Amino acid sequence: MRDDEFENDRRGFLKCMAWAGTGALFALEGGIGSSIGLDTALAAPLRRTTTKPFTFVQLSDSHIGFNKPPNSDARATFREAIAKVSALAVQPDFIIHTGDVSQLSRDDEFDDAEQMLKATGLPVFYVPGEHDMLDPEGGKAFLNRFGKDSIGAGWYSFDHRGVHFIALVNVADLKAGGMGNLGADQLKWLAADLAGRSSSTPIVVFAHIPLWTVYAEWGWGTDDAAEALKLLARFGSVTVLNGHIHQITQKVEGRIAFHTARSTAFPQPAPGTAASPGPLKVPPEKLHDMLGITDALFVRGHHRIALIDSTLSA
């Protein structure tokens, strides 16, 4: 690929995101994270690459079926999020949904979400949230629809243009108010999945509950995540995408960057600012400022993954 072609792709992606109303671009350079403005990103010097950049979108916590304050119709805001994806000037290669597709694990909720996402014409990769595991058989309805090629409770991996994507499940057998858990079987599978891969392979992990402890008192973390992160530590670029907490948090630990996404249904309070987690009631005119999507740009060469958050109000 010629330098001018890459530069046009890169600048086109960043410019088309400028309207989104986001304040920062979260970037990885060789495993080192930084947060920079879009103007800075556009002015950054060009680096040679041999693989065409690609983008994907993260959606999370759509809670189809939720109809209480502050959002009387989570289906409507999910449609708005999907319309935002469809309106992107640079269409993503695929969508990742990081769980809580539904509110009550009902077939009609899953079906509505699936049909809305099909309208994008894009492949969609799912992991379950705890709200997707509420059926009497503990998540069978979700797995029958969205996890047919997965293993165990829904974990799997795939490769796309030189990047290895890993879907982990940390909501199986989740105790009320408790931390997420991966379990011995999944960790054994993860070790085998990573064993033959070069440490230069860029890795993207996605799961519902954060793989770092955001706030233990509310169960916002995964109790055996350290074992998974130890397996990932040898890789030069690892990005971990989560949902569950309905707000943006970021952390860089060594070569691993963590990022949680907004919900498309309702916000939750910041850690420790309320008696418990749950829907945060906000004025109707403020709701769309607190819901949104995450776009990711990968450019092969220096393992850059830029995560750009935008709200539904933009």
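This is a predicted model: local features need pLDDT of at least 70, side-chain atom pairs count only at pLDDT 80 or more; totals for chains, interfaces and linings use all residues.
Two residues are said to be in contact when heavy atoms of the two lie within 4.5 Å. Leaving out residues up to four places away in sequence, I166 touches Y156, S157, W189, L190, D193, L194, I203, V204, V205, F206 and L232.

The chain as a whole contains eight helices and 13 strands. Of its 314 residues, 56% count as buried. The accessible surface of the chain amounts to about 12,700 Å², and 52% of this area belongs to carbon and sulfur atoms. When contacts between residues at least 6 apart in sequence are considered, 73% join residues at least 24 apart.

Six strands form an open sheet in the order β6-β7-β8-β9-β11-β10, and the pairing is mixed. The edges of the sheet are β6 (156–160) and β10 (249–253), each of which pairs on one side only. On average, neighbouring strands of the sheet are turned by 15° against each other, direction ignored.

Strands β6 and β7 (residues 163–167) run antiparallel and are joined by five bridges. Among the facing residues, S157 has I166 of β7 as its bridge partner, and F158 stands opposite F165, also in β7. The two strands form a hairpin with two residues between them, and R161 in the turn has a positive phi of about 50°.

H160, which is located in strand β6, has a side chain joined to that of D93 by a polar contact of 2.7 Å. Apart from neighbours within four places in sequence, the residues in contact with H160 are F54, D93, F94 and F165.

Helix α7 (residues 225–232) lies across β7, β8, β9 (238–242) and β11 (256–260), and runs at about 135° to β11.

In soluble globular proteins, nonpolar side chains tend to be buried together. The largest nonpolar core of this model has 31 residues, of which I166, L168, I203, V205 and L232 touch the most other members. At least two residues of this core are supplied by each of α6, β8, α7, β9 and β11. Apart from this core lies another, of 25 residues, which includes V57, V85, A113 and L287.

A113, a member of the core of 25 residues, is placed in helix α4 (residues 107–118). The relative accessibility of A113 is 0%, and A113 therefore counts as buried, the cut-off being under 20%. Neighbours within four places in sequence aside, A113 is in contact with I64, F78 and V101. A113 and S102 are 11 residues apart in sequence, with a C-alpha to C-alpha distance of 7.8 Å.

Notes. Residues are numbered from 1 along each chain as its sequence is written. Side-chain values use heavy atoms; hydrogens and water are left out. Two strands pair if DSSP finds at least two bridges between them. Helices (H or I, at least four residues) and strands (E, at least two) are DSSP runs, numbered from the N terminus. Axes are lines fitted to C-alpha atoms, for helices over the stretch in contact, and angles run from 0 to 180 degrees between N-to-C directions. A nonpolar core is a set of buried Ala, Val, Leu, Ile, Met, Phe, Trp, Tyr and Cys residues joined through side-chain atoms within 4.5 Å. Buried means under 20% relative accessible area, exposed over 50%, partly exposed in between (1.4 Å probe, protein chains only). A polar contact is a pair of N or O atoms within 3.5 Å; within protein, one must be able to donate a hydrogen and the other to accept it, and residues adjacent in sequence count only if both atoms are side-chain atoms. Accessible areas come from the Shrake-Rupley method with a 1.4 Å probe; for residues, only the protein chains shown count as cover.
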